[in-house]
Amino acid sequence: MAEFAFEPEPAGVALAPGETAREVAGKNPWLLAGRRLARNRVALAALALFLAIVVVSFGAPIWANHIAHVDPFSSNVNGTTVVDGKKVEVIQQGGGALGIGENPIGPTWQKNYLLGADSQGRDVFARVLYGGRASLLIGVGSALISCIVALLLGLVAGFFRGPVDVFISRVMDLVWAFPIFLLAISLATVLLTAPDGLQWGPVRVDPASLWIPTFIIALVYVPYVYRPVRGQVLSVREKEYVEAAIAQGASTWRLIFVEILPNVITTIVVMLPLMIATTILTESALSFLSIGVQPPAASWGTIIEDGQGLLYTRPWVAIAPGIMIVLTVLSLNVLGDGVRDALDPRAKLRLKRAKVGK
Amino acid sequence: MKRSVILATVVAATGMFVAACGGSSKSTSSSGGGGTSASSTPGADTAAGAKGGTLTTLANAAPSGSPDPQVNYTLQEWQFLIITHDGLVGFKRTSGAEGATLVPDLATTLPTPTDNGRTYQFTLRPGIKFSNGKVVTGQDVKATFERLFKIGDSPNAGTWYNAIEGGDACVKTPKTCDLSKGIVVNGDQITFHLSKGDPEFLQQLALPFAFILPADTPAKHVDIPPPGTGPYKWSEYKPTSAMSVVRNPFFKEWSKDAQPAGLPDVIEQKFGLSVQAEVTQVENGQADWISNTDTIPADRLPELSRKYSKQLHVNPLLNTEYMALNTNVPPFDNEKARQAVNFATDRSAIVKIYGGPQLATPACQVLPPNLPGYQAYCPYTANPGSGKWTAPDMAKAQQLVTESGTAGMRVKVNSDTTDVHKAVGEYFVGLLNKLGYKATPQFLSNDIQYAYIQNSKNKVQFAYSSWFADYPAPSDFLQVLLGCGSIHKNSNSSPNIAQFCNKDIQANMDKAGATASEDVNTANTMWAQADKDIADQAPWVAMFNPKQLNFVSSRVKGFQFSPQWYLLLAQVSVK
C-alpha cells in the first residue's frame, strides 16, 4: 500500500518542483508545506470533498429531524409516509397472485425517504448520513489512537534501543503476524458477547458503544504505523544536533520530545489521512460482518449489510453507502498523497525515479 | 426440534436430557419437523404424474452431522431416509392433517398398549426384504434398537428409547447393550416391554432413529445409510457435492399409506449453491426444488409471487417463533415486565418482516394451531377475548412497565445474524427503548446463538428462538420448552431458555402426560389449560406461526406436503 512505502528523507532542505533554495531558506517547514498543499489543486479538491462529506454527515440530525422528519433508528414496519400527496405504506406487499413478500418503499426523490426505506422501514438516506457520522468518528478516532500509540512506542523503542526496542518490536511483530481481519473479528466476538459489556473499574463500556470498534481497529493498525516511526527515530537519533544536545546534558525527555519528535511527526502527519481511509474501510468491513457498529445504530458497513438482502428489489440501500465509502476513501487517499508531496517533495521525486527505473 | 443445526450430536453425547422433563424431552436438532399441510393452499398441485426421471433438489449444504440414520437429526436427511427405510409404524404418507396420523408399516397393525401402557406387541409383515435382498426378521428389529444404544451418540437414546426395559443400562454401558428383556422376539411376534408407560412411544418408533436396519449393520457411524426396506436405496452420499437415492429392486408396495411406491427413478440433492442461485436454477428448470433448510430470500418473494405463483406452495407448520424472556434475570424476573412486552409487541409488524400474512400468522401462545391441545388464546392484544391477536396495546404496556418498577433497566436483545431473526431483534431493541428500557442488540452467528442462549451462565435476558415439533404432540412443546425438568444450569443444552418453572403448571403437565395413554381428549384439554396458564405468566413473547414456502420447477407434478415430513419427495412426478 502506498502509505507504507513512505520514507521521509533525512533532515535537509527539500525542494518541491519549481521551488528555489532562496524561496525556502529560513522558512517554517509547516508554512512551506501549507503553501505547497495550497498549490496542489487536486489535493485541495479532495480536501473539499472530504470536508463536504464530514459536514453532510454531521448534519444528519438536522436532515432527519427538521427536513425529512423521520426517525432513522426506530423500526417503522407498519408505518406510512406521504409520496406525491398520497399516503403510502413504508413496507408494501410484494404483490403477485399469492401476495407474498413485503417490499420496502423505493426512492421517492423527495425529502422523506429520498432513497427509500430498508427492511425495517427506516429512511435510508437519513441512515446513510448518520452512518457517515459513525464511520467517520470510528475511522478518525481509531486512526488517531493508532498513530498516537504507535508514535509513543516508536519514540521509546527507537530512542532507548536495546532490550526495550526488542521487546516492543516483538510485541508489534506478534500483533502484525495475525491477519488483520482475523484479529479484529476475534476481538469483536469476545467483546460483543461479554454478558455485561466491558468493565474496567468504574469505567463501563457497553457492547453497543462505538468505542469498541474504535479500539479494536486502532489496536490492529498500531504496528503499521509503529514500524516507519521507529525507523525514523533510529535515524534521527544519530543526527549531529541530537548528539550535540546529548553533549550539552539534555534530559532524556527533552531529547525525545524536543529534538526527535518534531523531526518524526511529519511521518505521522503524512500517514494520518491514509490511515483514516484504511480504518474507515476496516470499520465498514467489520460492521458488514455484524461485528462493528451494532444496530439500530448505523454505519456505512451496517447499511450495506442491511441492503444485501434487498439487492434485487431495492439496490439503493446498498449502493448509497457504498458510494459514500468510495468517495471518502478516494478523497483521503488523494489528500494523503498531497500532504506527502507538501511535507516531503523528495518523496514524489523518489516515486517518479522509481517509475522511470521500471 | 430447533431449526438450526449444530447441537443434536452435542446433546446426545453429553446425555443432558436423560428423562429430565417427564418423558418427552427432545434435543435440539436441525431443520424442520412437523407441520400441517393444507391441500387447498394456493398453488397446491395434486395431480399425480407418471413414473421415471430424476428429481433434482438443491441445498446450500449437506445435512449436518453423521449420515447414520440413527444419529442424523435433520429433516433434510429424514426426507430421504423415509423413502429408503421403514419403522414398525409410520406417519401416513399424505398431505393434510391425515399426514400426522400413525399407520402400521413393517408391522401388520398398530398395537394397543397393555400393562398400563408398558407393553406393545407387533407382528412383522412377512416377506419384506432389505435392499440387499435379505428378508426382515424380528432379530433385525431387536438388533436395530441395540445398535441405537451401541452407537453411543444417537440423540434420543437416553431420552426416548431408554424407556425400553434394559435401555437405561444400555445408556450407561452402550457396548454391552442387551435388550433381551425389553424386546422379546418370537418368530414374527415382537413384544416391547417398557420400564414405564410412554404415550408417545409409537410416535417415537415412527422416526428415523427407529427405522429397521439389517442385524449385521456395524455399530459405528456409516458413511452412507445402510440397506433399508423402502422403495429407494442410497447410491451416493458426498457431503461436499451431492446425495442421491435410486430404486430398490427388492421393494414391493405393501401399504400405500405407510410406504407408497415412488415416482421418480432417481432423487438427488446437490449441495453448494447460494440460495439466490438455487432460486434462479429452479426458475430456469435446471433443478426442481429447494430444500427446506434454505430459506428463500425475502428479496425474491415478490418476483416469485408475480412470475412463478403456480410453482409456489405455502403450507402451515407446527412451529412457533418466540422471544424467550429469562424469568430469573431482571427485568424479566418480574411478571408485569414480561406481560408489558407482550402487550407492546406489534405482531403484525413482525409478520411483515417475515414475509407477510400469507407466510405467517400472529401468535400469543406456545402451542401452534393444528397441534393436539391447541385452543386459540391471546390475552396480549387490544380488545382481547376472541383468542386472536388484533393490535398492540401500548398504553397497557406502559402502565405495566411503570407498575413493575423496571423502567430504565438495561436489556440485551439476543438474536442470530440471519436476515429475518436479526430484523426481529432490531425491532425489539426499538420497542424496548420505547417502553423505557435501555436496550442494546447482541447478534451472534447462527452457529453459536442457540447454544449461547440456552446456557444460564450467559444470563441472556431476551432471546430469539423457534421450535418445530418432532412429532405432533403438545408435550413436545410445553414440557420440553417450559418444563422444570428442561432447565439444565450452565449447560448449552437447556431448551427451557426462559428458565421458567412453575410447580403448579408442571404438576398439571405431568398429569396430562399420564392421562394421555388412557384418554387423549382429556389429556389434550389439560394441555390446552397448561398452554393458557403459561401464556398468562408470559415467559415468552410468542410472535407468530410461520408457513413453509416451497418453490418447485414447472415440471413438478403431484406436490404433497406432509405435516411430519414436509414435501414427500417420492410422490413427486417429474416425467
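## Strands, a sheet and a chain contact

In this predicted model, Val83(A) has Lys86(A), a residue of β2(A), as its bridge partner. The two strands concerned, β1 (residues 80–83) and β2 (residues 86–89) of chain A, run antiparallel and are joined by four bridges. Together β1(A) and β2(A) make a hairpin with two residues between them, and in its turn Asp84(A) has a positive phi of about 50°.

Strands of a sheet pair through backbone hydrogen bonds, in either a parallel or an antiparallel way. Chain B holds an open sheet of three strands, in the order β4-β6-β5 and with antiparallel pairing. Its edge strands, each pairing on one side only, are β4 (119–123) and β5 (183–186) of chain B, and from one strand to the next the twist averages 15°. Between β5(B) and β6 (residues 189–193) of chain B there are four bridges, and Val185(B) has Ile190(B) in β6(B) as its bridge partner. Helix α3 (residues 138–150) of chain B packs on this sheet, where it touches β5 and β6 of chain B, and its direction makes about 165° with that of β5(B).

The contact between the chains takes 38 residues from chain B and 33 residues from chain A. On the side of chain B that touches chain A, α11(B) gives the largest share, six residues. The table sorts that side of chain B by class.

| Class, side of chain B that touches chain A | Number |
|---|---|
| nonpolar | 17 residues |
| polar | twelve residues |

Key: Residues are numbered from 1 along each chain as its sequence is written. Chains are lettered from A and ligands numbered from 1 in the order in which they are written. This is a predicted model: local features need pLDDT of at least 70, side-chain atom pairs count only at pLDDT 80 or more; totals for chains, interfaces and linings use all residues. Two strands pair if DSSP finds at least two bridges between them. Axes are lines fitted to C-alpha atoms, for helices over the stretch in contact, and angles run from 0 to 180 degrees between N-to-C directions. Two residues are in contact if their C-beta atoms, placed from the backbone, lie within 7 Å. Ala, Val, Leu, Ile, Met, Phe, Trp, Tyr, Cys and Pro count as nonpolar, Asp, Glu, Lys and Arg as charged, and the others, Gly among them, as polar.
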